[in-house]
Structures are given as structure tokens and as C-alpha cells.
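Subject: Structure handover and notes

Dear colleague,

I am passing the structure below on to you, and I would be grateful if you could read the notes that come after it with the coordinates open beside them.

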Amino acid sequence: MTAHGKSWVLHGGVLALLFALFFVLPTYHSGQLSRIMVLAIYAMGFNILFGYTGLLSLGHAMFFAAGMYGFGLTVNLAGFPMPVAFLFAILVAAALALVAGGLALRTAGVSFMIVTLMFAQAAYLVVLYFGEYTRGDEGFVVAREGRMIAGIDLSTDAGRYFCAWVLFGVCFLALAKLIKLPFGKRLIAIRENEERARMLGYDTSRYKLMAFVTSGAVSGMAGATYGLLFGYVGASFAAVPYSIFPLLWVLLGGAGTTIGPLIGVFFMFYLIDISSGYTNAYMLIAGLVLVLLTLFAPQGLAGSLRQKVMPWLP
Amino acid sequence: MAAVSILETKGLTKIYGGLAANEDVDFVLARGKITALIGPNGAGKSTFVGMLSGRIEATRGQVFFEGRDISHLPAHKRIQLGLAYTFQITSVFPGLSVYDNVGLAAGRLLAGKPNLHAAKAAEVLARVGLTDRADQIASDLSYGHQRVLEIAMGLAQDPKLFILDEPTQGLAESEIADFMALIQGLAGDTTILLIEHNMRVVMEVADYITVLDGGRTLASGTPEEVRANAAVQAAYLGTGVDA
Ligand SMILES: Nc1ncnc2c1ncn2[C@@H]1O[C@H](COP(=O)(O)OP(=O)(O)OP(=O)(O)O)[C@@H](O)[C@H]1O
Ligand SMILES: [Mg+2]
């Protein structure tokens with residue numbers, strides 16, 4: 001089979017497996033899995049910029065939060081119908097990415113990390129400052145009307161799971177396609193050697209901005225989906241840990257692989273879930289495993305697979 | 001001679017701190033010919049071609065390509081006009097396959113036409129003898145093959161002007177012979193500007209030679225004229241009458 005064929009079998013297989021799991025897993029685990037799929041969308045958004053374009057942002061929580069608040073506030077305060085609020089949320093995140101990216105991309109390397117971090121910090125403070133509407137750290141619950149589509153209640157176990165599955169699937173397949181398109185290949189070229197890409201006639205600044213906006217929009221969509229399916233919007237999602245999580249997930253799962261983000265989120269969730277069953281010091285165990293993985297599988301789980309047994313892995 | 005020119009510079013200057021790496025270089029490049037740019041280490045050759053391609057910003061002076069002032073165009077726009085550039089220090093996409101490297105080079109013009117695109121990549125790989133290695137990761141190639149790959153990436157763009165910064169450095173004798181045959185085959189359609197330390201290559205392939213020394217043009221002309229130039233002999237070839 002061609003690499004292309006194998007890749008579609010893998011992607012289709014993963015989606016089929018996730019679909020089937022709902023019917024065999026106990027409620028607790030299918031609930032976990034819906035959360036994992038939503039956060040994997042976030043990790044995939046982050047991966048576009050970090051894994052494929054080679055740009056490390058430490059401020060992606062601002063896009064996740066932009067999507068989440070863009071959705072929750074318009075539903076609750078403006079009474080937008082759900083689909084409108086959802087699209088609006090993605091636009092808000094994309095617009096924020098256009099502005100933040102336009103400025104942050106004037107810098108590179110460590111300065112780029114710092115600038116994105118500062119932007120996210122500013123966004124976090126904005127959320128707190130408008131506490132009257134955002135309810136600050138305490139957060140708010142998304143109105144029930146905002147969690148229905150075509151009569152389907154998305155706050156039930158099944159509604160939530162399959163909505164997460166559909167949105168995850170769309171992003172998963174779209175990203176697998178994206179990196180095979182000329183646009184995706186050019187992002188990879190920038191990651192590999194920006195100077196060379198520029199000296200082949202590619203406007204690398206423009207491509208980096210496009211990658212940044214795409215990444216921000218997908219991250220924002222993940223935030224909106226989180227608000228939609230779990231019904232809660234709070235400032236903790238705009239804080240620093242939510243900028244660091246996607247980095248950990250992607251590193252663990254495999255930066256620059258399509259499947260890595262899902263694996264990373266899944267692994268981290270269950271690592272914490274299982275170790276917390278044994279000891280209170282579960283973060284210590286999680287930390288230790290992370291250190292070991294970074295030492296022995298620096299390409300992440302999917303990255304190591306690609307290196308050793310599956311060179312075709314996209 | 002008075003051949004038609006494809007590129008000219010006027011007063012091109014680059015100053016690093018206090019050091020003039022290039023100073024008031026006036027230069028005319030003959031279309032369709034092979035021109036060698038020679039000069040001792042640190043003469044300013046790489047700086048000069050860097051300013052032509054836009055990779056290095058000129059302190060002052062102008063660059064004209066096909067009669068058009070491109071002094072203020074960013075590098076990618078100059079490349080889009082039909083310049084291709086290979087670096088003195090090999091610069092490819094290390095983690096990508098040989099095929100993808102060439103594909104990216106051909107892709108700017110042909111990405112919307114998958115059939116032409118694949119055919120172009122295959123043709124270029126065959127031309128430089130890398131067909132068998134198409135699936136190898138570039139960083140796994142030998143140094144010589146990486147250099148050849150970078151040349152292939154230049155070819156894949158079908159440039160009007162191909163600038164090569166010391167392409168034969170680190171190549172084996174047989175590869176050098178292949179390289180000379182390759183660029184001689186290109187000349188005519190493509191203009192070639194070649195920085196080269198290997199005088200055998202220069203004397204064999206160059207139609208014209210420009211000598212840079214201390215950031216200034218010391219001499220320009222046919223190989224015979226340059227060889228006969230006393231200043232060049234004294235400064236560079238080391239065979240001067242008064243050496
Ligand atoms: N980025 C830089 N900053 C400061 N000085 C530089 C820089 N690049 C080049 N130079 C200096 O400018 C002069 C010309 O350098 P250049 O690389 O153009 O020479 P060259 O003719 O290509 O030499 P070589 O044959 O060694 O490649 C040298 O003295 C070099 O040290
Ligand atoms: Mg040089």
C-alpha cells in the first residue's frame with residue numbers, strides 16, 4: 001500500500017475506533033474520552049504552529065479562551081443561536097491571532113515565546129477585568145439553549161461524545177489533508193529551514209502569519225467546543241497552565257504528526273487518572289514519566305514510531 | 001563582446017560595522033553566459049551575490065535585473081523574478097526526502113499542476129543523478145550529494161539567472177566534471193554567476209571573469225584578459241611578474 005493509502009487507513013481506523021468505543025466503554029471513560037477529543041482539537045491547533053511550522057508559542061491559552069468566551073458570552077448575554085455563537089467564537093480567535101501573530105512574528109526564538117506569553121497574560125487580565133460579564137475565576141454556566149442543536153441535547157453523554165467525535169474527526173482529517181497540500185508543505189519547509197524556503201521564493205512571513213491564524217482559529221474552536229459540551233466557561237482556561245498543556249501534549253504525543261496530539265492528551269489524562277488512584281503524589285509520578293519520555297523518546301510517542309517502524313506516518 | 005546584460009549593479013556597497021565588505025561595485029552580467037566571480041578569501045564575493053539575491057541588505061547602491069531596479073525588493077520577490085541561489089554553506093531541508101526538497105523548489109511555479117510538478121521533480125533528479133536516492137532523507141546524504149541536491153533545487157526553478165556560491169567545494173573529481181557539463185548545458189537559456197575557487201573549473205567553463213579584492217572589482221573580462229592582467233596576477237593568481 002502507498003504511504004498515502006496507509007495514512008487514510010490510519011486516520012479512518014482511529015475515527016472508527018473512537019466511534020465504537022462509546023458503545024463499549026463505561027460512562028466514566030466515555031466522558032473522559034469526550035474531553036480528551038476536545039482537548040486534542042486544541043493540541044492539533046497548537047501542533048500546526050509548533051509541530052509543523054516550528055514556532056513555539058507560549059500563549060495559546062488566549063485563543064482557547066477567546067473561543068470559549070466568544071461562545072459562552074454571546075450565548076448567555078447576546079442570546080446568539082448556538083451555531084452562530086460557535087462560528088463567531090472561531091472568528092474572534094482568528095482575529096485575535098491575526099493581531100497577536102502580526103506583532104509577535106516580528107520577533108523570533110525566545111522573544112517570540114515571551115511576546116506570545118505576554119499577550120496571553122494580557123488576555124487573562126482582560127477576562128478578570130471584565131469580571132462583571134465574565135464572572136472572573138468563578139466562571140459561569142452556559143445557558144441550556146446554547147447547548148442544543150436541531151433538537152439534540154449536547155449535554156447528554158451521547159450528545160457530548162458524538163459532537164466531540166464529529167468535530168475532532170473534521171479537524172483530524174482536515175489537518176491530515178492540509179499538510180499534504182502545498183500550503184502545509186511550505187509550513188514544513190519553514191520549520192526545516194526558513195532561510196532556504198525564503199530563498200526558493202516563498203514569502204515566509206506571510207506563511208507564518210497564515211499558520212498562526214489557522215492555529216489560533218483551531219484552538220479557538222476547541223475552546224468553543226469545550227464551552228458547548230461541558231457547559232462551563234472560566235478564567236482558569238485563559239491562565240498560563242492552559243498555554244503549557246498543549247505543548248506537553250504535543251511533545252508527548254509527537255510534534256509534527258497528525259496523530260500525536262490525540263495520543264499525547266490521551267496519555268497524559270490516563271497517566272494522571274491512574275496514578276492518582278494509587279497515591280496523592282500523582283503529579284510526581286506524572287512528572288517523572290514525562291521526564292523519562294523526554295529523555296528516551298524525544299520525538300514523542302508517534303514521533304518515535306515514525307522514526308523506527310512507520311516512516312510513512314504523516 | 002558587448003553582450004546583452006541581464007543584471008547590473010551601480011555603486012553597490014555593504015558596510016559591516018566599520019568594514020566595507022563591498023565598496024562601490026559596478027558590475028554588468030552578460031545574459032546567457034557563464035560568469036565566474038573570483039577573489040581571495042574575504043574578498044566580498046558572498047556578500048556581493050547576497051546583495052543581488054536580496055538575502056543581504058545593501059548599505060547603498062542599486063541592483064537592476066532585466067532593466068528593472070530591484071534594489072528594494074525583498075529576497076523572495078527577487079527569486080520570483082527568476083533568480084535562483086545556492087548557498088556557500090549547503091542549505092537544504094534536512095529532515096525532508098530528496099524528492100520533497102526538489103518538489104518544494106519546483107512547487108512555487110507548478111504546485112497547482114500536480115502532473116507537471118511531479119514530472120519536473122523527476123526530470124531534475126535524473127539530470128543530476130539523484131533518482132535512486134529520491135526517497136532518502138536529505139540529512140542522510142553524503143556532503144557531496146547534499147551539494148548536488150541544492151543545485152538540483154536551483155534547476156527545478158527554471159531560473160533565468162542561477163547564482164552558485166562555490167558549488168564545487170567538497171565535490172569529488174567526477175562530480176566536478178558532471179557539474180561542469182551540467183552548467184555548460186544550461187548556459188544559453190540560463191545565465192550563470194558562479195563563485196569558484198577551483199581555477200581549473202573557472203578557466204574551463206567561464207565566458208567572463210570578474211575579480212573582487214578587498215570589496216572592490218579588480219578586473220573584469222574574458223579569461224584571457226583577466227589572466228593577462230598584471231594587477232590580478234599580483235593580487236590573486238600569485239604568478240605576477242613582480243610577485
Ligand atoms: N555578517 C557579517 N558581519 C560582519 N562581517 C562580515 C559578515 N559577513 C561577512 N563579513 C566580512 O565581510 C568580508 C567579506 O566576506 P564574504 O563572505 O563576502 O567574502 P568571500 O569573498 O565570500 O570569502 P570566502 O571566499 O571565504 O567565501 C569578510 O571580511 C568577512 O569577514
Ligand atoms: Mg564566500
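This is a predicted model: local features need pLDDT of at least 70, side-chain atom pairs count only at pLDDT 80 or more; totals for chains, interfaces and linings use all residues.

The interface

I began with the contact between the chains, to which chain B contributes 24 residues and chain A contributes 16 residues. The area buried between chain B and chain A comes to about 1700 Å², and carbon and sulfur atoms account for 61% of that area. On the side of chain B, H76(B), F93(B) and L104(B) together supply 32% of the area that this chain buries against chain A, which is more than any other three residues supply.

Turning to polar interactions, the rule finds eleven residue pairs in polar contact across the interface of chain B and chain A, with both residues of each pair at pLDDT 80 or more. Four helices and strands of chain B, namely α2 (75-80), β6 (83-86), α3 (98-110) and α5 (143-155), each supply at least two residues of the side that touches chain A. Of the elements on that side, α3(B) gives the most, with five residues. Sorted by class, the side of chain B that touches chain A is made up of twelve nonpolar, eight polar and four charged residues.

The rule also finds two salt bridges across the interface of chain B and chain A. One of the salt bridges in the model joins E195(A) to R55(B), with the closest N and O atoms 3.2 Å apart.

Helix α5 of chain B

Salt bridges

Over all chains, the structure holds 14 salt bridges. In chain A, D153(A) pairs with R144(A) in a salt bridge whose closest N and O atoms are 2.5 Å apart, and D153(A) counts as buried, at 19% relative accessibility, which is under the 20% cut-off.

In chain B, the side chains of K160(B) and E66(B) meet in a salt bridge at 2.9 Å, N to O. K160(B) lies in the loop between α5 and β7 of chain B, whereas E66(B) lies in the loop between β4 (60-65) and β5 (68-69), so the pair ties together parts that are 94 residues apart in sequence. K160(B) is partly exposed, with a relative accessible area of 36%, and E66(B) likewise counts as partly exposed, at 35% relative accessibility.

A further salt bridge, at 3.0 Å from N to O, is formed by the side chains of E123(B) and R127(B). Both residues lie in helix α4 of chain B, four residues apart, which is about one turn of the helix. E123(B) counts as partly exposed at 36% relative accessibility, and R127(B) counts as partly exposed at 39%. E123(B) and R127(B) also belong to a network of salt bridges that links them with K120(B) and D158(B).

T134(A) is found in helix α6 (residues 131-134) of chain A and counts as buried, at 5% relative accessibility. Leaving aside neighbours within four places in sequence, T134(A) is in contact with Y69(A), L73(A), V127(A), G139(A) and F140(A).

A93(A) is found in helix α4 (residues 82-104) of chain A, and at 0% relative accessibility it counts as buried. With neighbours within four places in sequence again left aside, A93(A) is in contact with F63(A), A66(A), G67(A), G216(A), A217(A) and G220(A). A93(A) and M68(A) are 25 residues apart in sequence, and their C-alpha atoms are 9.2 Å apart in space.

With best regards

Key
Residues are numbered from 1 along each chain as its sequence is written. Chains are lettered from A and ligands numbered from 1 in the order in which they are written. Side-chain values use heavy atoms; hydrogens and water are left out. Contact means heavy atoms within 4.5 Å. Buried area is the accessible area (1.4 Å probe) that two parts lose on being put together, summed over both. A salt bridge is a side-chain nitrogen of Lys or Arg within 4 Å of a carboxyl oxygen of Asp or Glu. A polar contact is a pair of N or O atoms within 3.5 Å; within protein, one must be able to donate a hydrogen and the other to accept it, and residues adjacent in sequence count only if both atoms are side-chain atoms. Ala, Val, Leu, Ile, Met, Phe, Trp, Tyr, Cys and Pro count as nonpolar, Asp, Glu, Lys and Arg as charged, and the others, Gly among them, as polar. Buried means under 20% relative accessible area, exposed over 50%, partly exposed in between (1.4 Å probe, protein chains only).
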